[in-house]
Amino acid sequence: MRRNRIIGTALALSAAVWLAGWIGTLAGLAGAVHVENVGWAAVAAVAAACAFSAALQPSEHRARTSFAFFGAGLLAWALGQAAWTVYGFEGVTVPYPSLSDVGYLGAMPFFAAGVLTWPRRRRVWTSGALIDGALAAGAVAVVSYTFSFEPIFENGVTGAQAWLGILYPASELALVAIIGGGLLFDVWTDRGRVALVGLGLLSLAAADTFFAVDALDGSLSPLVDGGWTLALAAMGAASLLPNGWPARVTRRVPEFLPAVAVTGLLGVAAASFAIRELGQHGWQAADAVAVGFLLVLVA
């Protein structure tokens, strides 16, 4: 549709503005960080327009509620980024937490509502599927703690900073787990687009984790700035793609895939746990390796 092409072009142009600012920031150009901040706000606002446009299309009657929620979340994020941009133009050090966090945090409930209202098919949950789901959730929790939450805890920061540092990736990774579980157990009716949304939320969680760790010690690095842009662009692009995109992703999941995926998740969880314990305690923590091996055998 012509409307989608116009909004899609605007999304690409706003991403190009951010990219120019990011390259300038890496090169140390004066004022480039302001261009990057404006680009983020523009990408989020245009992605919100993409989602709202999808919610208004008659062909999206099943997913229009989800897209409306995603649009509201992206708009809230854009407002938070606008506040951050104003801080930058005023030349003051942005406090953490700040007024911009109202917009960023306000986006999370809308994103959650968008995921939970995504169209799904009826499914009979057997005891085996429930056990697989519980094992997968446990593995995701261990991996999330090891690579996201533990680095924040290790900084020894308490109060609002610590809570914010945990709340952002925790809520985003929980939504990624819901989307991933739905894909794994063939729950969603429109698998391709919700997978793209999940990719965006995963990128958002990774960027927020790096930001939380860097913000606690005051060493903000622009190297991971692309995580936020990828997240916003992915959610906007999912709104522009046609229902059922791509066709091959909408095929039903093979029977063996959940078991293989759960075993792989448990393997990653067990390996990360064992490596962490061995790194801290040496071979005295060999029991951690044994526990991890037993977890994989359970799967």
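L75 counts as partly exposed, because its relative accessibility is 38%. The cut-offs are under 20% relative accessible area for buried, over 50% for exposed, and partly exposed in between (1.4 Å probe, protein chains only). L75 sits in helix α3, residues 64-90. Helices are DSSP runs of H or I with at least four residues, and strands are E runs of at least two, numbered from the N terminus.

This is a predicted model: local features need pLDDT of at least 70, side-chain atom pairs count only at pLDDT 80 or more, and totals for chains, interfaces and linings use all residues. Residues are numbered from 1 along each chain as its sequence is written, and side-chain values use heavy atoms, without hydrogens and water.

Now the whole chain. The chain has ten helices and zero strands. Of its 299 residues, 44% are buried. Contact means heavy atoms within 4.5 Å. Among contacts between residues at least 6 apart in sequence, 75% join residues at least 24 apart.

The largest nonpolar core has 55 residues, and F70, W77, F111, I179, L201 and L204 touch the most other members. Such a core is a set of buried Ala, Val, Leu, Ile, Met, Phe, Trp, Tyr and Cys residues joined through side-chain atoms within 4.5 Å. Elements giving two or more residues to this core include α1 (2-26), α3 and α4 (100-116). Helix α2 gives the largest share, ten residues.

Look at L204. Leaving out residues up to four places away in sequence, L204 touches W77, M108, F111, E172, G227, W228 and A231.
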